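Hi,

Here is the structure I promised to pass on. Have a look at it first, and then read my notes below.

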Amino acid sequence: MNIYDMTLENLENYFLNINEKKYRASQVFSWLYEKRVKSFEEMTNLGKELLERLKKDFNIYTPIIVKEENDKDVSKYLFKLNDEEHIESVLMYHNYGISLCISSQVGCNMGCVFCESGKRKKIRNLTTSEMLLQIIAIERKINKRISHIVVMGIGEPFDNFDNLVNFIENANNPKGLNIGSRHITVSTCGIVPKIYEFSHLKYQVNLAISLHAPNNELRDKLMPINKVYPLEELIKAVKYYIEKTNRRVTFEYILLSEINDGEKEARELVKLIKGLNAYINLIPYNQGNSNNFKRTKNENIMKFYDIIKKEKINVTVRREFGSNISAACGQLRSKKEE
Ligand code: SAH
């Protein structure tokens, strides 16, 4: 097991179990997250015997960056994991800080028809350490701190729930990466039971729901998950989440030309969202390498936006990053495999 898979609490229990003091966990965390050592040998305050024990029980392998593409304010990284699988992360420079979009699985089983990531079925979940080390490896490379994390890369985070939760623990822990909850965003296509489960954890992170259609007929066609958890159930779960956590939710809505971007859909969307403590993030579609969908023209994006805005619903249009470097999730990896 990778030592970065362990939460602080896991590590405290580990040390207690081997008759060591609990504070050893904080010492190890400080080596991992503050001093950022790359080997156990560098942990010089643990003593020789304990060091040998740690080396026997854990590894400290970091995924390797095998490819990098840079644009003005966005960089994309392709990682090789220790079983030779590949994942990617996208780094974005904003005026408020630096955000990293990380992957949560190798491949994805959700099968959304417009998405490049779903072209390849899920091979496996990423471990907690593989999610954390995307951040740490890139921070090492750019020699800067990443301020915001979005779990919006390849994969469905709620289909990898336990590792996601441990990831959030370590990313958020002041002795871990110390990234504030409100700087962490998790995006889901709408796995309803997991939304309830997540509500009970009462995290103050941001939850984003990939909506993309305002009625079941259309959403069934775009996102197979809707046949399992249709809109009524999804909205009910989101209401519950808002009530339990007191957090505003984001609905992501990709605009696909002549598919879901008409006046009819805008009005249906208003009706669906009105009254919820939520806002809508309209996403200009990033046209992939091999898709039939077209990006909605700016003029029509603004029309769609205006209809929603007039109804006093909070709505924004997502800034586009990196369409020159295949930065939409899955695109770099799928290019490599072609
Ligand atoms: N499985 C999760 C997280 C990964 S997808 C989810 O569905 O939310 C992250 C977001 O990117 C989703 O809203 C997804 O629908 C969107 N997306 C996928 N392909 C895209 C593309 N080509 N252009 C713009 N957004 C895209």
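Let's start with the aromatic rings: this predicted model has 12 aromatic pairs. Counting a pair here takes two ring centres within 6.5 Å of each other. Some of these rings join up into a cluster, and the residues that ring pairs link there are Phe158, Phe161, Phe198, Tyr203 and Tyr241.

Lys194 lies over the face of the Phe161 ring, 5.0 Å from the ring centre. You'll find another such arrangement at Trp31, where Lys35 lies over the face of the ring at 4.2 Å from its centre.

Now for the ligand. How many residues are around it, and which come nearest? There are 19 residues around the ligand, and the nearest are Glu156, Ser187, Ser210, His212 and Asn286. If you sort the shell by residue type, you get 10 nonpolar residues, seven polar ones and two charged ones. Two strands to pick out while you're looking are β8 (184–188) and β10 (249–255), as each gives at least two residues to the shell around the ligand.

Glu156 has a polar side-chain atom 2.9 Å from a nitrogen atom of the ligand. With Asn286, a polar backbone atom is involved, and it sits 2.8 Å from a nitrogen atom of the ligand. Thr188 also brings in a polar backbone atom, this time 3.5 Å from an oxygen atom of the ligand. On its own the ligand would expose 530 Å², and the protein buries 92% of that.

Next, please zoom in on Arg124, which belongs to strand β6 (residues 124–125). Which side chains does the side chain of Arg124 contact? One is Asp83, through a polar contact of 2.7 Å between the two side chains. Another is Glu130, whose side chain is in polar contact with that of Arg124 at 2.9 Å.

Last stop: a pair of strands. Strand β1 (residues 64–70) and strand β2 (residues 74–80) run antiparallel and pair over six bridges. In one of these pairings, Glu69 has Lys76 in β2 as its bridge partner. To get from β1 to β2, the chain passes through a hairpin of three residues.

Happy browsing!

Notes. Residues numbered from 1 in each chain as written. Predicted model: local features only at pLDDT ≥ 70, side-chain atom pairs only at ≥ 80, totals over all residues. Heavy atoms only, no water. Pairing = 2+ DSSP bridges. Helix = DSSP H or I, 4+ residues; strand = E, 2+ residues; numbered from the N terminus. Near = heavy atom within 4 Å. Polar contact = N/O pair within 3.5 Å; in protein donor to acceptor, adjacent residues only side chain to side chain. Areas by Shrake-Rupley, 256 points an atom, 1.4 Å probe, with all protein chains shown as cover. Nonpolar A, V, L, I, M, F, W, Y, C, P; charged D, E, K, R; others polar. Phe/Tyr/Trp six-rings, centres within 6.5 Å; stacked < 30°, edge-to-face > 60°. Lys NZ or Arg CZ within 6 Å of the ring centre and 35° of its normal.
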